[in-house]
Amino acid sequence: MSGSAQHPEPGFAFAAAATLAVAGLLLAPFPPAQGGSGLLGVPHVDKLAHLLLFLFLGWSWHRSLARAGRPVSYLAVFVAVVGYGGLLELLQGASGLRTAEWGDLAADALGAGLVPLWRRPRLQAGRNGAGDSRTGGAEGGVADAAADSR
């Protein structure tokens, strides 16, 4: 069943919630780590958090578009997700409560760049008739045609 103006696709609501959650986490005024040891006492664990958050965000954006039957390429999702990460880094720097870091943006890009590795096997299974058990094999097809042309 497709969404309407009054009732958007559930996948879009999920992607929107993920987008807002990532913004909330990255713009929250966390106190600086003591002695440069990093969050939870682990050096650079924030970079791992950025990577995982943007892998999840890219996956949710691609998934919502694919389930809606909209043509989308991994490159388009990558550019959009990394652009969003850049915007959040600029907002962090402007807030005065957090700092903007190139390393965070690089981790965002790496996470977004891993989306095809996560999504691709499921999309291929859908084309071969096995499908994703949650979608009945409906993912893929037109939604991933641009990725196939690479």
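Analyst: Let's start with a term: a nonpolar core is a set of buried Ala, Val, Leu, Ile, Met, Phe, Trp, Tyr and Cys residues joined through side-chain atoms within 4.5 Å. Buried means under 20% relative accessible area, exposed is over 50%, and partly exposed is in between (1.4 Å probe, protein chains only). This is a predicted model, where local features need pLDDT of at least 70 and side-chain atom pairs count only at pLDDT 80 or more, while totals for chains, interfaces and linings use all residues. Residues are numbered from 1 along each chain as its sequence is written, and side-chain values use heavy atoms, leaving out hydrogens and water.

User: Okay, how many residues does the largest nonpolar core have?

Analyst: It has 17, and among those with the most contacts inside it are V22, F54 and W61. Helices α1 (10–27), α2, α3 and α4 each supply at least two of the core's residues; a helix here is a DSSP run of H or I with at least four residues, numbered from the N terminus.

User: What makes D104 buried or exposed?

Analyst: Its relative accessible area is 4%. The cut-off for buried is under 20%, so D104 counts as buried.

User: Why is the pair K47 and E101 called a salt bridge?

Analyst: The rule asks for a side-chain nitrogen of Lys or Arg within 4 Å of a carboxyl oxygen of Asp or Glu. The closest N and O atoms of K47 and E101 are 2.6 Å apart, so the pair passes. K47 lies in helix α2 (residues 45–67) and E101 in the loop between α3 (74–95) and α4 (102–113), so the pair ties together parts that are 54 residues apart in sequence.

User: What other salt bridges does K47 make?

Analyst: K47 pairs with D46 at 2.9 Å, N to O, and with D104 at 2.7 Å. D104 sits in helix α4, 57 residues away from K47. By the rule, the count is three salt bridges, and D46, K47, E101 and D104 are linked in a network.

User: How do you know that V22 is in contact with residues beyond its sequence neighbours?

Analyst: Contact means heavy atoms within 4.5 Å. Leaving aside neighbours within four places in sequence, V22 meets that test with L53, F54, L57, Y84 and L88.
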